[in-house]
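Colleague: I would like to learn how to read side-chain contacts in a model. Please take me through a few kinds, one at a time.

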Amino acid sequence: MKAFLLFLLKLALTALCLWWAFSQVKFDRSVFTRPGAMDYRWLAGGLALAGLSICLQALRWNFFLRGLSLRVPFSRAAELTMIDGLFSLASVSGLGGDVARIILLMRDLPGRKLAIAMAVTTDHLAGLVSMALLFFAITVSRFDALAAQSLLGKGVIHFAWFYLGGGLAMVVMIFIFASPPVHKRIHANDRFARWPLLRKVPETYDVYRRNWRQPVAGLLISFVMLGCYFSSYYCGMRAVGGNAGYGQVMSAMPVIDSISGMPVSIAGVGVREKLFETLMHDLAGIPPETAVAASLAGFACNAAWALLGALFFLKKRDRLSKRDIEEAKRV
């Protein structure tokens, strides 16, 4: 019941954000009333880039799995990544995409729940680190353009500085606490013996320090993956007739993606469109109707691959019962 009420709240916030984004749209000038004006060649390019980003995301996760000696075929990692995307679109049955990945992979590798959960978590941390580093690199290189924002645009940029900066600090602290000298000092005299998980989690993270090649490879792949993902939104911009430059879209996307990824609306819909509208107008003078359409086109390119996850999810081995869902919520 609680999960259903949370879903209804997110649905209401999604509708509110979409109304806010569409409130400035002049429909007589947009592709919403003239679908024939859309360039479907660019849309096909965006779809291809979104598919490539899914493959790279699966490859990144596969490196973090291998770092913990979890041998998973790339094809299986790709299937689970698309199922993750499917669940993340609407949090089906209150079950998030990450938890779906964990519970389904636990069927393949029984007895490795903690390692699987840590591989999923560290995969996310790699995405956060690459996003933050890319954002700060863009901020430095395009400081003047990003500084000349509207009031809302400046607020969004400042929030992203704190949000991504705090995320980087959190990742650094995790690996400091997981280092053997600090970890040994924290757990001296068995002061946390009643909570064995507090010992096991840092020890699991420290495995990546010893097997550093896998996480470094995963982090490098993450930069390429983000480039493909962001480029799919540039294709969406061109598909709806927007003339924003590639650099302008790439400058805005780290901010847009990091904030729309917060669990405010369903799959970031509405929040993403309003941010895209604001930053594209500030950076490139793109009218609201074009910016909102571009954001939805880019989202559609990526959502298509998430919906493909439904085909894998329908396989007997990957079906989830009510008991599975309850177990997953306790992971």
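**Reading side-chain contacts**

Modeller: D123 is buried, and so is R101. Keep in mind that this is a predicted model.

Colleague: What do D123 and R101 form, and how far apart are the closest N and O atoms?

Modeller: Side chains of opposite charge can pair when their charged atoms come close. Here D123 and R101 form a salt bridge, with 3.6 Å between the closest N and O atoms. This pair links distant parts of the chain, D123 being in helix α5 (residues 113-141) and R101 in helix α4 (residues 97-108), 22 residues apart. R101 has another contact: its charged end sits over the ring of W61, 4.5 Å from the ring centre.

Colleague: How many salt bridges does the structure hold?

Modeller: Ten. One of them joins the side chains of K274 and E277, at 3.0 Å from N to O. These two are three residues apart in helix α12 (residues 271-284), so about one helical turn separates them. Both K274 and E277 are buried. Salt bridges can also share partners, and in that way R60, D84, D98, R101 and D123 are joined into one network.

Colleague: In the salt bridge between D206 and R209, is D206 buried or exposed?

Modeller: D206 counts as buried because its relative accessibility is 7%, and the cut-off for buried is under 20%. R209, at 45%, counts as partly exposed. Their side chains meet at 2.7 Å, N to O. Both residues lie in helix α9 (residues 197-210), three residues apart, about one turn of the helix.

Colleague: How should I read the aromatic pairs, and how many are there?

Modeller: Planes over 60 degrees apart count as edge-to-face. The structure holds nine aromatic pairs. In one of these, W42 and Y234 are edge-to-face, with 5.9 Å between centres and 90 degrees between planes. W42 is in helix α2 (residues 40-67) and Y234 in helix α10 (residues 213-239), so the pair ties together parts 192 residues apart in sequence. Y234 also pairs edge-to-face with Y246, at 5.2 Å centre to centre and 90 degrees between the planes. Y246 belongs to helix α11 (residues 246-260), so this pair ties together parts that are twelve residues apart in sequence. Elsewhere, ring pairs link Y229, F230, Y233 and F276 into a cluster.

Colleague: Which residues make the nonpolar surface patch?

Modeller: L16, W19, W20 and L152 make it, over about 470 Å². Helix α1 (residues 2-22) gives the largest share, three residues. W19 is found in helix α1 and is exposed, with a relative accessible area of 59%.

Definitions and conventions
Residues are numbered from 1 along each chain as its sequence is written. This is a predicted model: local features need pLDDT of at least 70, side-chain atom pairs count only at pLDDT 80 or more; totals for chains, interfaces and linings use all residues. Side-chain values use heavy atoms; hydrogens and water are left out. Rings of Phe, Tyr and Trp (its six-membered ring) pair if their centres lie within 6.5 Å; planes under 30 degrees apart count as stacked, over 60 as edge-to-face and the rest as tilted. Helices (H or I, at least four residues) and strands (E, at least two) are DSSP runs, numbered from the N terminus. A charge sits over a ring if NZ of Lys or CZ of Arg is within 6 Å of the ring centre and within 35 degrees of the ring normal. Patches are made of residues with over 30% relative accessible area and no salt bridge: like charges are joined within 9 Å, nonpolar side chains (Val, Leu, Ile, Met, Phe, Trp, Tyr) within 5 Å. Accessible areas come from the Shrake-Rupley method with a 1.4 Å probe; for residues, only the protein chains shown count as cover. A salt bridge is a side-chain nitrogen of Lys or Arg within 4 Å of a carboxyl oxygen of Asp or Glu. Buried means under 20% relative accessible area, exposed over 50%, partly exposed in between (1.4 Å probe, protein chains only).
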